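Keep the viewer open as you read.

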Amino acid sequence: MTDNQLWRDEYWLVLMQLYLRKPVGLKPLYSKGLVSLSIELHIHPKYLYRQMFRLRELETPYIEKLWNTYAKRPQKLMREVKWFRQVEGFGNAKEFYKGVEVNETFEKDFRPLPQEPSLMPVTLILVLDLYFRLTPSTMVVETPEVKELSALVKANPSVIIEAMDVFRCCDPYLPKDNFIISPLLIPCQEIWKRYGNGNPEELSALASQLKEYFKS
């Protein structure tokens, strides 16, 4: 099921509420608020971001009417959103999507790993990006970049290094001296398959966007 098939006009209300949240304006693609709403709606953040851009540009008469009705009436908007959530079962995922086939994709990237709850797949994407920026000798907890990433994602530096060690085993350009046993092996392999052999500049751009999730 594609994002535009899941979209309903009522969602403009919750999207407008997010847009008006301080600081008012277009929210970064992977800001926590936008990602949380995306997970709730099962609509990819990229689609909601485009919709928020349309909202800002007053792209249709319907959107313009929404602005005229709610932009300067935050309390009215809050009541409408609250009513919508209650009536539609918005806060209850099982009821809200009852009878609707939902194939989760991006949602899984923002959930803690069963193997290591302090990490998520999106965290491993940031670790992989840093992996390509460091040399093996600097992949240690004392390295400033490791400490900086650790503080950003709120994970122990030793866990970051463990993930890097696993990525080293995934790297086809490095000799395989030892077989590693780690609970992070499977999730790291999955991230490597998705990004390890791709364009490092694209990975870097994605990592830069994903950092917004941890900053907000």
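Start with Phe 106, which sits in the loop between helix 7 (93-96) and helix 8. Bear in mind that what you're looking at is a predicted model. Is Phe 106 buried or exposed? Its relative accessible area is 7%, and since the cut-off for buried is under 20%, Phe 106 counts as buried.

Now zoom out for the overall layout. The protein chain has 12 helices and 0 strands, and reading from the N terminus the elements go α-α-α-α-α-α-α-α-α-α-α-α. Along the principal axes, the C-alpha atoms fill a box of roughly 65 × 35 × 30 Å. Of the 216 residues in the protein chain, 41% count as buried. As for who talks to whom, take the contacts between residues at least 6 apart in sequence: 61% of them join residues at least 24 apart.

Back to the area around Ser 38. This residue belongs to the contact between helix 3 and helix 4, where Leu 34, Val 35, Leu 37, Ser 38 and Leu 41 in helix 3 meet Pro 45, Leu 48, Tyr 49 and Met 52 in helix 4. By class, that contact has 8 nonpolar residues, 1 polar and no charged ones. How do the two helices sit against each other? The axes of helix 3 (residues 32-41) and helix 4 (residues 45-56) come within 9 Å and cross at roughly 115 degrees. Helix 3 and helix 4 are therefore roughly perpendicular to each other, and the crossing is right-handed.

Helix 4 also meets helix 2. Here the axes come within 10 Å and cross at roughly 80 degrees, so helix 2 and helix 4 are roughly perpendicular to each other. On the helix 2 side the contact is made by Trp 12, Leu 15, Met 16, Leu 18 and Tyr 19, and on the helix 4 side by Leu 48, Gln 51, Met 52, Arg 54, Leu 55 and Arg 56. The residues of this contact divide into 8 nonpolar, 1 polar and 2 charged.

Helix 2 has another partner as well. Helix 2 (residues 11-20) and helix 5 (residues 61-70) pack at an angle of about 55 degrees, their axes 11 Å apart. That makes the two helices oblique to each other, and their crossing is right-handed. Trp 12, Leu 13, Met 16, Tyr 19 and Leu 20 of helix 2 make the contact with Tyr 62, Ile 63, Leu 66, Trp 67 and Tyr 70 of helix 5. By class, this contact has 10 nonpolar, no polar and no charged residues.

How enclosed is helix 2? Because 8 of its 10 residues are buried, helix 2 is largely enclosed by the rest of the structure. The buried ones are Tyr 11, Trp 12, Leu 13, Val 14, Leu 15, Met 16, Leu 18 and Tyr 19.

Next, move to the largest nonpolar core. It has 42 residues, and those with the most contacts inside it are Ile 160, Met 164 and Phe 167. The elements giving two or more residues to this core are helix 8 (121-131), helix 9 (144-153), helix 10 (157-170), helix 11 (185-196) and helix 12 (200-215). Pick out Phe 167: leaving aside neighbours within four places in sequence, Phe 167 is in contact with Leu 124, Val 127, Leu 128, Tyr 131, Cys 188, Ile 191 and Trp 192. A second, separate core has 25 residues, including Trp 12, Leu 41, Ile 63 and Leu 66, and you've already met Trp 12 in the contact of helix 2 with helix 5.

One last stop is Thr 123, found in helix 8. With a relative accessibility of 1%, Thr 123 counts as buried. Not counting residues up to four places away in sequence, Thr 123 touches Val 153 and Phe 214.

How values were computed:
Residues numbered from 1 in each chain as written. Predicted model: local features only at pLDDT ≥ 70, side-chain atom pairs only at ≥ 80, totals over all residues. Heavy atoms only, no water. Axes fitted to C-alpha atoms, helices over the stretch in contact; angles between N-to-C directions. Helix = DSSP H or I, 4+ residues; strand = E, 2+ residues; numbered from the N terminus. Parallel < 35°, antiparallel > 145°, perpendicular 65-115°, else oblique. Left-handed = near helix turned anticlockwise from the far one by under 90°. Contact = heavy atoms within 4.5 Å. Nonpolar A, V, L, I, M, F, W, Y, C, P; charged D, E, K, R; others polar. Core = buried A, V, L, I, M, F, W, Y, C linked by side-chain atoms within 4.5 Å. Buried < 20%, exposed > 50% of the residue type's maximum accessible area, 1.4 Å probe, protein only.
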